[in-house]
Amino acid sequence: TARSRLAVVAAEGKIYAIGGENTAGVTDEMAVYDPASNGWLPGPRKPTPVANVSAVTLNGRIYVPGGSTATGGVTNVLEVYDVAAGAWRAAAQLPRPVAGYALAAVDGKVYLFGGWDGQQYRAETYIYDPAGEAWTEGVPLPAPRAFAAAAALDKRIFVAGGFDGQAEMSEVLDYNTAAGPADATPWSLHSPLSQPRGGLGLAVVGTRLYAVGGGWQSNLAYSEQYDSRLDAWSKFGTPIVGHWRNLGLAAWDGRLYAVGGWSGAYLDTHEQYQALLRQLLPIGGSSR
């Protein structure tokens, strides 16, 4: 089904599209894509229908916190899908209801940044430890925002773009999860996106970040990739020109999978981008 504001994540070799909204409203649907067969199948429905969500995977489980509800509110539920068991369960609730956040996972923990609580934009950082089934508070963003995107590269989580209630943002920060008490702040500033993006997708392949979509107030003519060694962004193509926001983006096996979103209407789009190319070169010995 065509939908926007959904969570898309790669887990155990498949791509999962969870929740979101469509012409009928907020949905509990989960669809599962198998790259091997190039086909979608329905999965178990999420117990709480939500939109404006993201998801991460840890140890064969998919974590989907918070989100906007079918009644127009915002929830603090955390629901976890066990891929092997094919079942959902509830876990420790967020400290506050929040939707439209940025989400990533590092070293077995889930990191949530910013978002919208139904009344205002937030700057908080929340960290979830599945081992202890508990949320703790990290160092907040320098300024509130929602509809940013996050992706983990080594021990750092990059947070890019977003919307602050007035305009789309081009700011790119990273949160050093290995920072200790002696560090003044875990946040560092990087080269900004070449144009502001709200409701974008962000994913990592190799040593590069890939920013796709995010046209909210502005029209987009390209996607962007970030070289972490050079601290520089460069352009690459986009399958949708103009507005393309609140899509889901996941990376798996050197490829990006961009699913759904909004571009004047709800999209059932599923686009794949080959971000990493592998070539086998023959190696032969010299003869005399």
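Modeller: Start with one bridge. In strand 14, the residue that Y126 bridges to is E137. A strand here is a DSSP run of E with at least two residues, numbered from the N terminus.

Biologist: Where do the values come from?

Modeller: This is a predicted model, where local features need pLDDT of at least 70, side-chain atom pairs count only at pLDDT 80 or more, and totals for chains, interfaces and linings use all residues. Residues are numbered from 1 along each chain as its sequence is written, and side-chain values use heavy atoms, with hydrogens and water left out.

Biologist: Back to strand 14, then. Over how many bridges do strand 13 and strand 14 pair, and in which sense?

Modeller: Two strands pair if DSSP finds at least two bridges between them. Strand 13 and strand 14 have four bridges, in the antiparallel sense.

Biologist: What is the strand order of the open sheet?

Modeller: The order is 11-12-13-14. That makes four strands, with antiparallel pairing. Strand 11 (102-106) and strand 14 (134-137) are at the edges. Each has a single partner strand, so one side of each has no neighbour in the sheet.

Biologist: Now a loop. Where is D117 found?

Modeller: D117 is in the loop between strand 12 (109-116) and strand 13 (121-129).

Biologist: What does the side chain of D117 reach?

Modeller: It reaches the backbone nitrogen of Q119 at 2.8 Å. The D117 side chain also makes a polar contact with the side chain of R122, at 3.0 Å. A polar contact is a pair of N or O atoms within 3.5 Å; within protein, one must be able to donate a hydrogen and the other to accept it, and residues adjacent in sequence count only if both atoms are side-chain atoms.

Biologist: Which residues does D117 touch, leaving out those up to four places away in sequence?

Modeller: Contact means heavy atoms within 4.5 Å. D117 touches V74, R96, P97, V98 and R122.

Biologist: And where is the place of P144?

Modeller: P144 sits in the loop between strand 14 and strand 15 (149-153). At 40% relative accessibility, P144 is partly exposed. P144 touches Y121, R122, A123 and D164, again leaving out residues up to four places away in sequence. Its C-alpha atom is separated by 20 Å from that of A184, 40 residues apart along the chain.

Biologist: Rings next. How many aromatic pairs does a search of the whole structure find?

Modeller: The search finds 21 aromatic pairs. Rings of Phe, Tyr and Trp (its six-membered ring) pair if their centres lie within 6.5 Å; planes under 30 degrees apart are stacked, over 60 edge-to-face, and the rest tilted. One of the pairs is F158 with Y226, which is tilted, at 5.7 Å centre to centre and 55° between the planes. This pair links distant parts of the chain. F158 is in strand 16 (residues 156-160) and Y226 in strand 21 (residues 223-227), 68 residues apart. F158 is buried, at 4%, and Y226 is buried at 1%.

Biologist: What about Y175 and W187: how far apart are they, centre to centre?

Modeller: They are 4.9 Å apart, with 75° between the planes, so the pair is edge-to-face. Y175 lies in strand 17 (residues 172-176) and W187 in strand 18 (residues 187-190), so the pair ties together parts that are twelve residues apart in sequence. Y175 is buried at 6%, and W187 at 10%.

Biologist: Which residues do ring pairs link into a cluster?

Modeller: They are W116, Y121, F147, F163 and W216.

Biologist: Which charged end sits over the ring of W216?

Modeller: That of R245, 5.3 Å from the ring centre. The charged end of K235 sits over the ring of Y222, at 4.5 Å. The test is NZ of Lys or CZ of Arg within 6 Å of the ring centre and within 35 degrees of the ring normal.

Biologist: Last, the backbone. What is the phi of N52?

Modeller: Most residues other than glycine have a negative phi. N52 is not a glycine, yet its phi is positive, about 55°. N52 is in the loop between strand 6 (39-42) and strand 7 (56-58), and is buried at 12%. D154 also has a positive phi, near 60°. D154 is in the loop between strand 15 and strand 16, and is exposed at 70%.

Note on methods
Buried < 20%, exposed > 50% of the residue type's maximum accessible area, 1.4 Å probe, protein only.
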